[in-house]
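Open the model in a viewer that can colour by residue range and show side chains. Each stop below says what to select and what is found there.

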Amino acid sequence: MEKKPQEGRKGPAHRGVPPVVGLLLGTALMNALLYLCLDRFFISPPRSALDPTHCPYGYFRMGPMKNCSPWLSCEELRTEVRQLKRVGEGAVKRVFLSEWKERKVALSRLTSLELKDDFLHGLQMLKSLQSRHVVTLLGYCEDDNTILTEYHPLGSLSSLEETLNLSKYRNVNTWQHRLQLAMDYVGIINYLHHSPLGTLVMCDSSDLPKTLSQYLLTSNFSIVVNDLDALPLVNRSSGTFVKCGHRELHGDFVAPEQLWPYGEDMSFHDDLMPSYDEKIDIWKIPDVSSFLLGHVEGSDMVRFHLFDIHKACKSQTPAERPTAQDILDTYQKVLNSLRDTTVSQTREML
């Protein structure tokens, strides 16, 4: 009887993965990646309370500098800084884009000797208040009436809308980033009200455009205060309050207590004008924040959630207005609540 040749052993038959299964696995993996990235996309990491460029008094560090350097002296300003072009001018200073060791810097020069006291006051404030809230001081020369600070190419908050409308910045033109800008602004006010020098009032803010011009937008889209020429001190223990300037103020941007209280029948006299405290800054916060929030998708939702705290800011009685810290805490709660809602809704869609 003829034997059949023995067949080799065969393992289990190999079956290809059906295309539909591969598609489902790919979709599941993509959703998992999106899920993990949501927090990064919707939630900006909290900004550190510590200034990463912090240096001892009298020193500075900016950009890629690894070590702190002493403030530049008169001699160094004269020989190492090259003035390029004028980029701004106010009542007290002219500002020139300049260059120092191949770095762009801002050189401020006094406009008139009559305003030297204001100029020196602003310089003293810059020296005393160096922090993440204040533009970085690089050097100064009182003999030449010059101040050198870090240059921020995006300019003041006055041009915020034009900046965010540029195509390369569209990704940060969101209610989340805009609310963070508002938090930066309120954080600056809070810092001034609790500064190392005491309670300081941001007097150079008689209208919205003037107020916006006092602050700079940094390249990482945070805000620093730049103009500190008018920061009078409130001292309750000694009964010292402030008056912003010596002229009559008008309009609803300034706080009610800044307006002439004796009617049109009596001419304005500075000596008769009552003084006031830091709560005038609180009155202005809703208007500045509304500008910063703009009119992007979601900004009206943010305004709705901030309605109560902003209404309290507009109390006719200064003592009834919240503190800047109260406002900052509310902004943070609203940001947390709305971004958590956004993340939750997006996850449900996946």
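Select residues 116-128, which form helix α3. This helix lies across β4 (93-100), β5, β6 and β7, and runs at about 35 degrees to β7. Helices (H or I, at least four residues) and strands (E, at least two) are DSSP runs, numbered from the N terminus. Axes are lines fitted to C-alpha atoms, for helices over the stretch in contact, with angles from 0 to 180 degrees between N-to-C directions; contact means heavy atoms within 4.5 Å.

The model is predicted, so local features need pLDDT of at least 70 and side-chain atom pairs count only at pLDDT 80 or more, while totals for chains, interfaces and linings use all residues. Residues are numbered from 1 along each chain as its sequence is written, and side-chain values use heavy atoms, with hydrogens and water left out.

**The sheet under the helix**

Now show the strands. The sheet is open, has five strands in the order β3-β4-β5-β7-β6, and pairs in the antiparallel sense. Two strands pair if DSSP finds at least two bridges between them. At the edges are β3 (81-89) and β6 (137-141), each pairing on one side only. On average, neighbouring strands of this sheet are turned by 25 degrees against each other, direction ignored.

Select residues 103-110 and 146-150 together: these are β5 and β7, antiparallel strands joined by five bridges. Within β7, Ile147 stands opposite Ser108.

Gly139 has Leu148 in β7 as its bridge partner. β6 and β7 form a hairpin with four residues between them, and Asn145 in the turn has a positive phi of about 55 degrees. Although β6 is an edge strand, four of its five residues are buried. Buried means under 20% relative accessible area, exposed over 50%, and partly exposed in between (1.4 Å probe, protein chains only).

Which residues does Thr149 touch, not counting those up to four places away in sequence? Select Thr149 in strand β7 and look for Val105, Ala106, Leu126, Val135, Thr136, Leu137 and Leu138. Thr149 counts as buried because its relative accessibility is 5%.

**Two loops with positive phi**

Most residues other than glycine have a negative phi. Go to the loop between β4 and β5 and select Glu102, where phi is positive, near 65 degrees. Glu102 has 75% relative accessibility and therefore counts as exposed.

Then move to the loop between β9 (215-217) and β10 (223-225), where Phe221 is found. Phe221 also has a positive phi, about 60 degrees. At 11% relative accessibility, Phe221 counts as buried.

**The nonpolar cores**

Show the side chains of Leu129, Leu179, Tyr185, Tyr215 and Tyr331, the residues with the most contacts inside the largest nonpolar core, which has 72 residues. A nonpolar core is a set of buried Ala, Val, Leu, Ile, Met, Phe, Trp, Tyr and Cys residues joined through side-chain atoms within 4.5 Å. Helix α5 (residues 175-193) gives the largest share of this core, eleven residues. The core lies between domain 1 (78-150) and domain 2 (155-340), because both give residues to it; these bounds come from an automatic or database domain assignment.

Centre the view on Leu179. Not counting residues up to four places away in sequence, Leu179 touches Leu293, Val302, Leu306, Tyr331, Val334 and Leu335. Another core, of eleven residues, lies apart from the largest one and includes Cys244, Ala255, Trp260 and Tyr276.

**Helix α9**

Select Lys311 in helix α9 (residues 307-313). Lys311 counts as exposed, at 58% relative accessibility. Its C-alpha atom is separated by 10.0 Å from that of Pro322, eleven residues apart along the chain.

**The whole model and its confidence**

Zoom out to see ten helices and eleven strands. Of the 350 residues in the protein, 42% are buried.

Finally, colour by pLDDT, the predictor's confidence in each residue, from 0 to 100. The mean is 88, and 82% of the residues reach 70 or more. Over residues 7-11 pLDDT stays under 50, and the model has zero contacts beyond four places in sequence for them. Residues 34-46 also have pLDDT below 50, but this stretch has 19 contacts beyond near neighbours in sequence. Where pLDDT is low, the predicted coordinates should not be read in detail.
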